[in-house]
Amino acid sequence: MNQAAEKKIQQGIQLLDVEDLASVQLENEVVELLSETGTSLGMAYLSRENKGGGWLISEKVRPLDQAFFIQLFQRARQKRSRYEESGHTTAYRLFNQDGDFFGGLTIDRYGDYALFTWYNPFVYQLRQRIADAFFHVYPDVKGAYEKIRFQGVDYESGHLRGEEAPDQFLILENGVSYQVFLNDGLMTGIFLDQHETRGRLVDGLAAGKSVLNLFSYTAAFSVAASIGGATSTTSVDLAKRSKELSMAHFVANGLPLDPHRFVVMDVFDYYRYAKRHGLSYDLIILDPPSFARNKKRRFSVAKDFHILVAEAADLLNPEGILIASTNAANLPIHKFRKQIEKGLQGHAFQVLESDRLPADFSINSNDERSNYLKVITIKVNK
């Protein structure tokens, strides 16, 4: 390895960047990494994925046998004991890439079922061995599904082993029911990394408030806000299927649909619609995809988030609250804050909370990219 790559490894970074491997021809192989002086830097595997070219997985060279993965999963399960003991949450992350010392793999629990996500061909080719080890540590899990996050496999999701789950079923989070699905493309009906943000809404952040939820997907934030006492919610998403999926969450919790609107519309079009009709809100949630493109425009959180913030500020009632969120790993927290500040120019504001990934999404504290989620809650003093 060159000196730059060696320095990153010594700093505790496990993700190997493609440029650090430019002279290496191997692919989907386990290797021992050596410094320029021949000193061992640890064991890694090389496999191309969206994030990079491979992962450091052990300080010492050892076989990637079932015992290796059993040890990983035992440590990961112990770290998440409080979630397992909770009677109010049945869906959370069980294993999180380099936060649990094996990049390229995540495992989520949805009630009685596990969902494996493979991020590169190397971990995918080990999936049966990994699943064997997982079920040794989690014999209480009834069945497992898998999702593919790399090119080259002719399906996105499928049943892996054990019992098959119903097409849709309910999980609990903070005592709230959500309808999920495990074998319908890459999505599941809920983003588990946002459970603490939804928890704050359930606990009263939205009490007595009108709520606008933009890029709402299945309106999980809106459901949490309604359970927490919101007087009304409006959920806006461009995907036509979002309305049906959103209403299912409300029905699952016995919530009346009358005070809640589900709008299938581009968010920027909705901004214009809301201004024309004199609409305003007490709490607005902004959680866009990192990148989006339609016939009219391209959007990037890193460059354009301030535009969303400025438009949202115009729709906030006095002393209104804005929840600004992104999962863009390539956008550092300080640059995200600058985007928010740029959008709120001319407004006095107060940061109420600044949150990152919850504890079940264990991170590599040595690598900022591992802690990708950023959620900032702001009171805008208009």
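Two strands are taken to pair if DSSP finds at least two bridges between them. In this predicted model, strand S12 (residues 210–214) and strand S15 (residues 281–286) meet that requirement, being joined by 4 bridges and running parallel. Within this pair, Leu212 has Ile284 of S15 as its bridge partner.

Both strands belong to an open sheet of 7 strands, arranged in the order S14-S13-S12-S15-S18-S20-S19. The pairing in this sheet is mixed. Strand S14 (260–264) and strand S19 (348–355) form the edges, each pairing on one side only. From one strand to the next, the twist averages 15°. Helix H9 (residues 267–276) lies across S12, strand S13 (232–237), S14 and S15, and its direction makes an angle of about 150° with S12.

Strand S10 (residues 169–173) has a covered face made up of Phe169, Ile171 and Glu173, while Leu170 and Leu172 make up the uncovered face. S10 runs antiparallel to strand S11 (residues 176–180), with 5 bridges joining the two. Leu170, on the uncovered face, has Gln179 as its bridge partner in S11. The two strands form a hairpin with 2 residues between them, and Asn174 in the turn has a positive phi of about 55°.

Positive phi values turn up in loops as well. Most residues other than glycine have a negative phi, and most peptide bonds are trans. Phe101 is not a glycine, yet its phi is positive, at about 70°. This residue sits in the loop between strand S5 (91–96) and S6, and Phe101 counts as partly exposed because its relative accessibility is 43%. Phe215 also has a positive phi, near 55°, and is likewise a residue other than glycine. Phe215 is found in the loop between S12 and H7.

Helix packing comes next. Two packed helices are described by the angle between their axes and the distance between the axes. For helix H6 (residues 195–205) and helix H7 (residues 220–227), the angle is about 30° and the axes are 6 Å apart. Angles under 35 degrees count as roughly parallel, so H6 and H7 are roughly parallel to each other. H6 passes H7 in a right-handed crossing. On the H6 side the meeting residues are Thr197, Arg198, Leu201 and Val202, and on the H7 side they are Ala220, Phe221, Ala224, Ala225 and Ile227.

With a relative accessible area of 3%, Pro358 is buried. Pro358 and Asp193 are 165 residues apart in sequence, but their C-alpha atoms are 6.6 Å apart in space. Leaving aside neighbours within four places in sequence, Pro358 is in contact with Tyr83, Asp193, His195 and Glu196.

Charged pairs complete the picture. Side chains of opposite charge can pair when their charged atoms come close. A search of the whole structure finds 21 salt bridges. In one of them, Glu84 pairs with Arg77, the closest N and O atoms being 2.4 Å apart. Burial is set at under 20% relative accessible area, so Arg77, at 17%, counts as buried, whereas Glu84, at 33%, counts as partly exposed.

Another salt bridge links Lys142 to Asp112, with 3.5 Å between the closest N and O atoms. Lys142 lies in the loop between helix H5 (127–137) and strand S8 (143–148), and Asp112 in the loop between strand S6 (105–110) and strand S7 (113–118), so this pair ties together parts that are 30 residues apart in sequence. Lys142 is partly exposed, with a relative accessible area of 41%, and Asp112 is partly exposed as well, with 34%. Elsewhere, salt bridges that share partners join Lys8, Asp17, Asp20, Asp367 and Arg369 into one network. Asp17 counts as buried because its relative accessibility is 11%.

Definitions and conventions. Residues numbered from 1 in each chain as written. Predicted model: local features only at pLDDT ≥ 70, side-chain atom pairs only at ≥ 80, totals over all residues. Heavy atoms only, no water. Axes fitted to C-alpha atoms, helices over the stretch in contact; angles between N-to-C directions. Contact = heavy atoms within 4.5 Å. Salt bridge = Lys/Arg side-chain N within 4 Å of Asp/Glu carboxyl O. Buried < 20%, exposed > 50% of the residue type's maximum accessible area, 1.4 Å probe, protein only. Parallel < 35°, antiparallel > 145°, perpendicular 65-115°, else oblique. Left-handed = near helix turned anticlockwise from the far one by under 90°.
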